[in-house]
Amino acid sequence: MTGQISYPDVTQLAVPFFIAAILAELLWIALKKRGGRYETRDAVTSLIMGAGSVAEGLLLGFVAWGLLMLLWQITPLDMGTSLWAVLVCFVLDDLRYYWVHRLGHRVRWVWASHVNHHSSQHYNLTTALRQTWTGTFTFIMIVKAPMVLLGFHPALVLFCGGLNLIYQFWIHTEAITRLPRWFEAVMNTPSHHRAHHGRNARYLDCNYAGVFILWDRMFGTFVPEQDHDRPDFGLVHNIASFNPLRVAFHEWAGIFKDMARPGLTWKQRLLYALAPPGYSHDGSRSTSAGIKADHLARHPEDAGTPGFGN
Amino acid sequence: MPLELLLALVAGGISAIAAILHLTGRSERTVLTQASARDAWLRHCPGDSIRQVRPAADGHAALIAAQSGAGLVWSFGADTVARHLNGAAVSPVSAGLQFDFNDFSAPGLTLALTSAEREHWQALIAAAEEAA
């Protein structure tokens with residue numbers, strides 16, 4: 001096994017770039033009178049969520065680091081730190097991201113952490129920074145374990161994860177409509193990710209990619225952005241608070257409130273934590289599947305179009 | 001990056017962006033009309049059948065009577081949010097009406113209403129509760 005390895009914390013180093021890019025997008029929108037919207041409290045909330053997420057990493061990062069280093073001690077494999085190893089690790093980490101992100105939308109326990117990223121009704125570069133404060137509590141870092149066991153050093157795995165997050169920053173914009181066809185075919189782009197942030201029935205649970213949209217095309221979750229059905233950003237049930245604490249913890253509060261309801265079986269309590277968002281023991285709420293079905297009942301002409309079984 | 005520098009960048013960046021947004025008029029709350037309140041409700045409750053929309057005089061909220069029950073849609077920055085009123089505690093305050101939705105994602109809301117509006121809204125909400 002390779003000994004001491006360290007990589008720069010690229011997300012921290014990117015902070016000046018993030019600020020400059022946000023100012024540039026704002027200037028673009030102001031000059032062109034198109035390409036997105038900004039609102040003061042929404043943007044400030046997103047930025048505070050981003051700062052809090054960095055702080056959470058500084059405070060609790062040792063949990064994931066400790067777990068991954070433990071695995072590194074027991075694996076007999078070592079892929080090294082060559083350029084090829086970095087490239088393979090980056091691609092595998094993006095595949096890891098796809099599945100973690102998909103779980104983040106399909107398992108309420110993980111959604112409770114990820115939901116805050118979708119809680120803005122705006123879609124601009126500050127939305128990219130609206131990141132979780134509670135990722136450690138989901139224990140989803142366990143999905144990084146196979147990469148370490150395959151011989152990628154934890155420092156390299158975390159470095160690639162940081163690069164992945166930085167890539168995703170620039171795709172949170174309405175200022176870029178569409179990119180060349182070859183690029184849209186392979187890479188995650190503003191257009192693909194706008195669809196992911198749409199609360200329209202069509203766009204629920206699609207486009208989980210981090211860097212390569214190929215994963216969605218491979219696993220059947222790709223939905224192209226439709227010009228006649230523009231993404232409506234936000235949550236199915238939008239939150240009514242700019243308070244970062246409520247943004248960070250509202251779904252956790254919802255889970256525990258639901259699990260503590262009187263008269264439920266243990267299975268029902270467990271499902272309130274682990275079933276897809278929108279699950280309810282009495283059918284009083286709708287999951288994404290139910291929302292899509294309701295939409296098709298009202299708009300049968302959409303059957304078979306992207307996002308509705310095609 | 002040294003922690004002190006990171007903190008300075010983050011604090012300075014957030015403050016600068018907030019100041020620019022506010023000074024360029026991006027802190028205004030959306031104003032609801034009869035039509036936009038209706039659209040806003042349907043955005044939150046697609047397929048609902050709306051019977052009546054009553055915007056507040058200041059345009060920052062509207063009371064909705066719909067097939068799914070009574071509800072409130074209100075301005076949330078440049079956007080809107082909506083909640084049904086079943087299960088909500090509605091109480092009069094000097095400024096208007098206070099709503100407690102018993103929902104962590106929608107903390108207490110106080111709407112500015114004239115005294116005549118307040119009485120009318122209370123009557124409409126009570127009637128909706130009885131009908132339910």
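Which residue in S4(B) does B:Trp74 stand opposite? B:Trp74 faces B:Val81 there. Before going on, keep in mind that this is a predicted model, where local features need pLDDT of at least 70 and side-chain atom pairs count only at pLDDT 80 or more, while totals for chains, interfaces and linings use all residues. Residues are numbered from 1 along each chain as its sequence is written, and chains are lettered from A and ligands numbered from 1 in the order in which they are written.

Let's stay with those strands (DSSP runs of E, at least two residues, numbered from the N terminus). S3(B), residues 69-76, runs antiparallel to S4(B), and 6 bridges join them; strands count as paired if DSSP finds at least two bridges between them. The hairpin they make has 2 residues between the strands, and in it B:Gly77 takes a positive phi near 65 degrees.

Further along chain B comes an open sheet of 3 strands, in the order S5-S6-S7, with antiparallel pairing. Its edges are S5 (89-93) and S7 (109-112), each pairing on one side only. Between S5(B) and S6(B), residues 96-100, you'll find 5 bridges.

Now for where the chains meet. Chain B brings 25 residues to the contact and chain A brings 31, with residues in contact if their C-beta atoms, placed from the backbone, lie within 7 Å. On chain B's side, the elements giving two or more residues are helix H1 (3-23) and S4 (79-84); a helix here is a DSSP run of H or I, at least four residues. H1(B) gives the most, with 10 residues.

Definitions and conventions
Contact = placed C-beta atoms within 7 Å.
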